[in-house]
Amino acid sequence: MKTKTRIQFSKKWNILDKYLPSDIAGALKNLINPTLKFPSVTLNSQDELAISLRKINIIVDGRSILRLIREIVRIEETDIKEDGAYDFMPGSSQDEEVKLEGDPADYYELHVECEHCGRYKWIQKSDLQLKMSMNLDIDESESGEILISDRLKKVFDNEKLNGFTYRKVIAEKSIWQLMPHGQAVVKKPNEYLKGKNNCTFCGKPRILVYEDTNGIELFKPPYDIPRIERTPVLLLQNMPGDFSVTDLEFGTLGRLPEGSSQVQAKEFTHKTSNAKWVVSGKLCKILYEKKVKGFELSPAQIC
Ligand SMILES: [Zn+2]
């Protein structure tokens with residue numbers, strides 16, 4: 001397991017430099033972009049600098065100079081168990097998002113689920129068409145669909161992985177959209193699953209998040225305590241195949257705020273919520289074996 005700590009500050013470097021203990025400021029100087037409003041640094045959680053930063057509590061003008069502490073847990077190759085399940089995050093931070101020709105909404109039909117909160121179900125009606133080529137063997141389109149290279153499709157076919165099929169993608173090179181058959185059901189209730197701002201008509205939350213935090217919101221007081229986020233374990237009731245998708249989507253699901261005017265389906269160009277991808281240990285092992293780049297894994301558990 002790899003643990004990283006990302007610390008975001010609430011002040012620019014010229015202010016941090018004044019208030020931080022000189023040894024910490026010295027160690028940070030070359031790691032920080034001095035022009036950012038909220039500079040940040042990512043460190044190994046066990047690094048001395050990470051340990052000392054977590055402990056400082058300096059308040060300047062009523063705000064903690066630490067804005068956000070994110071404790072990130074990532075699964076490594078040696079952690080993978082063949083019969084395990086993992087939360088799969090496609091793409092890489094260095095790589096550009098895979099753009100579609102036109103708007104993402106052009107490829108979907110939007111079905112109204114609740115008129116009152118403007119909850120829509122996005123149902124794909126046509127093959128995706130890419131505006132650019134894809135550099136990785138596996139990546140995510142801007143509409144949140146999994147795309148794989150022809151090379152990886154052949155690997156998956158040879159290894160007889162199951163639980164999904166492919167849909168053709170219109171692109172320069174052969175690329176496939178991976179289409180899971182079944183859904184991995186998120187355990188309900190569970191401590192990390194939180195609905196906010198319920199619709200008074202359908203009762204469903206307008207915002208659904210999956211998170212493990214200390215309860216401090218970035219845009220609400222108190223500001224003298226940093227928000228702490230930890231990678232939550234994705235708790236599931238089942239695992240229907242080697243590649244599947246959660247039954248729930250996370251993000252903004254309904255129109256905000258309550259009472260705002262009705263938004264027509266044609267006004268939606270981009271999805272504001274996405275499901276999580278879930279993969280088997282068997283599939284993860286194959287990805288490492290074949291040196292597939294551009295994904296991260298975080299913990300999941302079937303319970
Ligand atoms: Zn509703």
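**Figure 1. The two domains of the predicted model.** The protein chain is divided into domain 1, residues 2–74, and domain 2, which comprises 78–215 + 234–302. The structure shown is a predicted model. Taken over C-alpha atoms, the centres of domain 1 and domain 2 are separated by 32 Å.

**Figure 2. Close-up of Thr-5 and its surroundings.** Thr-5 is placed in strand β1, residues 2–9. Thr-5 counts as buried because 20 C-beta neighbours lie inside 10 Å, and 20 is the number from which a residue is called buried. When neighbours within four places in sequence are left aside, the contacts of Thr-5 are Leu-43, Ser-45, Ala-50, Ile-69 and Glu-71. Val-41 is 36 residues away from Thr-5 in sequence, whereas the C-alpha atoms of the two are 8.2 Å apart in space.

**Figure 3. Pairing of strand β5 with β1 and β17.** Strand β5 (residues 66–74) runs antiparallel to β1, to which it is joined by 8 bridges. In this pairing, Glu-71 of β5 stands opposite Thr-5. Strand β17 (residues 227–230) runs parallel to β5, and 4 bridges join the two. Here Ile-69 has Ile-228 of β17 opposite it.

**Figure 4. The nonpolar cores.** The largest nonpolar core has 33 residues, of which Tyr-86, Phe-88, Leu-147, Leu-236, Val-278 and Val-279 touch the most other members. Apart from this core lies another, of 7 residues, including Phe-9, Ala-50, Leu-53 and Leu-66. Phe-88 is in contact with Trp-277, Val-278, Val-279, Phe-295 and Leu-297, leaving aside its neighbours within four places in sequence. In soluble globular proteins, nonpolar side chains tend to be buried together.

Figure 5. Helix α5 spans residues 281–289, and its buried residues are Leu-283, Cys-284 and Leu-287. Seen down the axis of α5, these buried residues fall within an arc of 100°, so they line one face of the helix. An α-helix has 3.6 residues a turn, so residues three or four places apart point the same way. Lys-291 lies in the loop between α5 and β21. Although Lys-291 is not a glycine, its phi is positive, at about 55°. Lys-291 counts as exposed because it has 7 C-beta neighbours inside 10 Å, and a residue with 12 or fewer is called exposed.

Figure 6. Asp-139 has Leu-147 of β10 as its bridge partner.

**Figure 7. Backbone features in loops.** The peptide bond from Lys-188 to Pro-189 is cis, with omega near -10°. Pro-189 is placed in the loop between β13 (183–184) and β14 (193–198). A cis peptide bond also leads from Pro-221 to Pro-222, with omega near 5°. The loop between β16 (212–213) and β17 holds Pro-222. Asp-61, found in the loop between β3 (59–60) and β4 (63–64), is a residue other than glycine with a positive phi, near 50°. Asp-61 is exposed, with 9 other C-beta atoms within 10 Å.

Conventions. Residues numbered from 1 in each chain as written. Predicted model: local features only at pLDDT ≥ 70, side-chain atom pairs only at ≥ 80, totals over all residues. Contact = placed C-beta atoms within 7 Å. Domains from an automatic or database assignment. Core = buried A, V, L, I, M, F, W, Y, C linked by C-beta atoms within 7 Å. Arc of directions from axis to C-beta. Pairing = 2+ DSSP bridges.
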